[in-house]
Amino acid sequence: MGDKIESKLLAKKAKVNTIPGFDGVVKDTDEAVRIAREIGYPIMIKASAGGGGKGMRIAWDDEETREGFKFSSQEAASSFGDDRLLIEKFIDNPRHIEIQILADKQGNALWLNERECSIQRRNQKVVEEAPSTFLDTETRRAMGEQAVALAQAVQYCSAGTVEFLVDSRRNFYFLEMNTRLQVEHPVTECITGLDLVQEMIRVAKGYSLRHKQADIPIKGWAIECRVYAEDPYKSFGLPSIGRLSQYEEPLHIPGVRVDSGIEEGSEISIYYDPMISKLVTYGCDRAEALKRMEEALDNYVIRGVTHNIPLVREVIIHPRFVKGDISTKFLPEVYPDGFKGHKLTDFERLELLATTSALYVSAQLRSQRFLDPARVPFAKADQKNWELSVQLDEGIHSAVVTRSGSTYSVELDGKMLNVTSEWNLASALLSVTVNDTQRTIQCLSRDAAGNMTIQFLGTAYKLAVMTKLAADLSKFMPVKAEEDTSSILRSPMPGTVVAVSVKPGEEVAEGQEICVIEAMKMQNSLTAAKTAKVKAVHCKPGVTVGEGDLLVELE
Amino acid sequence: MATLGTVMNVSRYSIVLNVGFKKLLRTSGCFSTFKGVGFQRWCSHTHLSVPERIEKKRKEALLGGGQARIDAQHGKGKLTARERINLLLDPGSFVEYDMFVEHRCSDFGMQAEHNKFPGDSVVTGQGRINGRLVYIFSQDFTVFGGSLSGAHAQKICKIMDQAVMVGAPVIGVNDSGGARIQEGVESLAGYADIFLRNVLSSGVVPQISLIMGPCAGGAVYSPALTDFTFMVKDTSYLFITGPDVVKSVTNEDVTQEELGGAKTHTAVSGVAHKAFENDVDALLNLREFFNFLPLSNRDPAPVRECHDPSDRLIPGLDSIVPTESAKAYDMLDIVKAIIDEKDFFEIMPNFAKNIIVGFARMNGRTVGIVGNQPKVASGCLDINSSVKGARFVRFCDAFNIPLITFVDVPGFLPGTAQEYGGIIRHGAKLLFAFAEATVPKITVITRKAYGGAYDVMSSKHLRGDANYAWPTAEVAVMGAKGAVQIIFRGKENQSEAESEYVEKFANPFPAAVRGFVDDIIQPSTTRMRICRDLDVLVSKKQSNPWKKHANIPL
């Protein structure tokens, strides 16, 4: 069943709904284009031996089909050692819903309800939940029964997953069957109470299933966020590497499960999948599970690598997600210009500014507290009011901070906010109450010049806090020119250069492919940002490059 | 005058006086009629009372070379001498000296009234940084380009003398075109007076130079004699002779920036210890830096309130050293994990990167960190890294700052460039510095400690107080391969011999059984161990035999 072409034929035989497509291996580019035209655009090119979105491309016209075919077969060859491809109809606006099954050697099989896995980027799942907000009892049963029928038809024995695409009218089509335990299995375990691994071992040993279909409940709600070492601001997640210099899982929050294979000090390299962990929260209903997920994400300390917490935290609070109005196109639809981080409301902005101002004052006051007896007596500046200037993005705000005990009164743009915290400046997590709202924030960096990076509502914000005097004097500081990035191409991630498509002196058009970088077995095509002549090429196929390394210069 | 409010930072004393003057002026009613500067000056000699003249001189002093020159200074992206002081010191803490001093030159028309500026081309005094005393001078480029007159030098010497007497650091803000040519030898004498004080204060109070504009010719030797020199990117220069003279003498074409800019001195020459983005960034960073320093050699290393638990375990360290001996890792990761709050003020981060030096705190107490950096040139010791390390170690020793040394060193760098350059005498500096240091010395061998470099890096033999080895430590004369090639020259089964050597020597035991390391410790416990040792070593007393001074191989 691991072979997609074979499995599709088998599914048809078992009377499972399948997607229209070409049930065979596509020989070459020309054939790919011919088949694509037959099925009708859009089409999807997939590696026969594929999985995890590798070797998969969507094409909307002949040219994209040709290009997609080329990349997919290369990727398939490098990832799976098998470059066979297949083509099928691409279903617009689909949801990805899968059924967990469990089958024994005696021919018994159960379906353990569904998992909603529609939130994906580059065809890889990032947020999953069980159950789905979309399925009604009938559809669920129909899908479950077809999944079980398929498993029985192939005499499958173990835990497995039958993936379906579900359209807006709840028509469902068989996608593929995964003959293994899947990444997102914990959400099923949460709502059914079954330990899938234990059950797998039992049936492998030859025992028959302990449960009847009627015994399988849907109890509560579970959400899983896949926490990846990747930069969510680049194509919803390009791999990032580094050493986890600090790592604390939010296990102190009730209803939280973290499955991870790494620990503080672990190295995330370009050679393996960049997943850090699976963060699962469980609640009596969806709202509780989501609330806990928010809290868990805020309390998750990951330092040393760029991670996708900003993205997943945004997804789980997005009104469309909260309503359950999602599809596999959720990310590109909600963020057509790419993910840009959390959009602060006016009040959240004030909260962030006030908290940062208070944190600054707290650190400044600490700088004055020397514990050793002084030969020359201290002359502490007995400052009651701290007049500050706080910069966030382009906005510069004036703040006046007054401290009394653990409460900082912050007057910000004419509004008063009370920031209360017993914060420990050495701690990664800072629990703070602004007016009546309790939040956990993280101070990712703080320097002498007042620059701070604060993780607030999942997103890291860069702020600059200065005394009013320093801010006034900063106006005289020269503005340093930033380099023109349109004429230079830097590697957006660490990886290996697979192909360089240009030579110095060549004319390139805007959007033309310049080179291809492979990282974590994904090939990424880098294109020209403008039409220009190639000035210099600083890389060649086979070399390993780091993030930000100069690859090609244009004139 | 609208800008005066921001420019001004008068002492409390003068504020009180000013109020009095305003009353006076209101009653006399003559000030309001003043228009041009010339008229004011004429008036001051004939009609103004003494209090009025004091007031007027103060106002003039606060404006330095005048608003036009202040605007020009701002136009270059630089702050004025007084703005720099105000930003560096705690608000309202500056106490100014010698505001009425004027130059005494009478040649070339310098005696004319319009060529006299109260305070001349430098602002001096004392104040506080986070409540702690500091003496400061700040050269005023708006007055004769900050050039050094006899009076200018005299003002600097006055605060330097007092700083030594009281026992407080001196911060010099340099922004000067050089000698006051009109004064000739008087100006040269002034430089020498400052140099002498720099030398006599060395090791008594910390001296810090901030280069915030040009600093050329003889003037460069004052910063060179101080403990730390910081620069501002793009707006500061240090050189003996400028590009024009260079062209005429050596026929080299070179820009000011290439010859003596911040990048040159922090990455190539090693003259400066760090560079900052702009004036504001530099001054704010200097406040942070100042907090690490004791006020003088009479004071212990300062202890600041600390929130980071001293017994914090760091599980990540147990796996940080790669299993392959040849693979690099970042020593900064280790340093930052161990110190308080990852707060590391690195000195010379861009020069001789194969050694890391800088200030940090352990349980609140300032410590000096020295570490080989395996990521750069395998962490070997060469001429530049030895000199960089030696100077830092001597500063710490002079000012009672405990030293924590992290060792992963494959040896000294071989080659003709190094030998011809004098690696023997330069390497000896680091050896000398560690050996003579009497402050608490704690050493952690993380991996390689090979050959002579092992001895040098604050080994037990050089009076290390607590010397630890991680389980990954290899204390040996050299790497296994090289050793086997010598011991078994021409013999077969070299690879077998190599593994025997690794088994015998490439581990911490040979050193541990001899007591050359005090313990083999779990890396995750390193912070806890060091904090505990430092608490014990607070009362360490050790001295060297009496001498006039030692003779470090310069």
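**A residue in chain A and what lies beyond it**

Author: Leaving aside neighbours within four places in sequence, A:Ile101 is in contact with A:Leu110, A:Trp111, A:Ala147, A:Val148, A:Ala151, A:Tyr156, A:Ser158, A:Ala159, A:Gly160, A:Thr161 and A:Met177 (contact: heavy atoms within 4.5 Å). The model is predicted, with local features needing pLDDT of at least 70 and side-chain atom pairs pLDDT 80 or more, while totals for chains, interfaces and linings use all residues. Residues are numbered from 1 along each chain as written, chains are lettered from A and ligands numbered from 1 in written order, and side-chain values use heavy atoms, without hydrogens or water.

A:Ile101 belongs to strand β5 of chain A, residues 95-103 (helices are DSSP runs of H or I with at least four residues, strands runs of E with at least two, numbered from the N terminus). With a relative accessibility of 0%, A:Ile101 is buried (buried is under 20%, exposed over 50%, partly exposed in between, with a 1.4 Å probe and protein chains only). A:Lys343 is 242 residues from A:Ile101 in sequence, and their C-alpha atoms are 40 Å apart.

Helix α4 of chain A, residues 137-153, holds A:Thr139. A:Thr139 is buried too, at 10% relative accessible area. Beyond four places in sequence, its contacts are A:Arg170 and A:Phe172.

Chain A also has two cysteines to consider. A search over all chains finds 0 disulfides (pairs of cysteine sulfur atoms within 2.5 Å). A:Cys515 has its closest cysteine sulfur in A:Cys539, but the 4.7 Å between them is too far for a bond. A:Cys539 is likewise in no disulfide, its nearest cysteine sulfur being that of A:Cys515. A:Cys515 is buried at 0% relative accessible area, and A:Cys539 is buried at 9%.

Next comes the partner chain. In chain A, 35 residues are in contact with 46 residues of chain B. The two chains bury about 3600 Å² between them, 58% of it on carbon and sulfur atoms (the accessible area, with a 1.4 Å probe, lost on being put together, summed over both). A:Arg366, A:Phe370 and A:Arg375 supply 17% of what chain A buries against chain B, more than any other three residues.

The largest cavity has lining residues from both chains: among its 17, those nearest the centre are A:Asp372, A:Ala374, B:Arg132, B:Leu295 and B:Asp299 (a cavity is a set of points on a 1 Å grid over the protein atoms alone where a 1.4 Å probe fits but cannot get out; lining residues have an atom within 4 Å of a point). About 130 Å³ of space lies in the largest cavity (the space filled by probe spheres on the points, which are joined across faces, edges and corners).

In chain B itself, helix α14, residues 331-338, is mostly covered, with 6 of its 8 residues buried. These are B:Met331, B:Leu332, B:Ile334, B:Val335, B:Ala337 and B:Ile338. They pack against strands β10 (345-347), β11 (355-362), β12 (365-372), β13 (403-409) and β14 (441-450), and against helix α22 (526-537), of chain B.

Conventions:
On a 1 Å grid over the protein atoms alone, a cavity is a set of points where a 1.4 Å probe fits but cannot get out, and a pocket is an open set with protein on both sides within 12 Å along at least five of seven lines; lining residues have an atom within 4 Å of a point.
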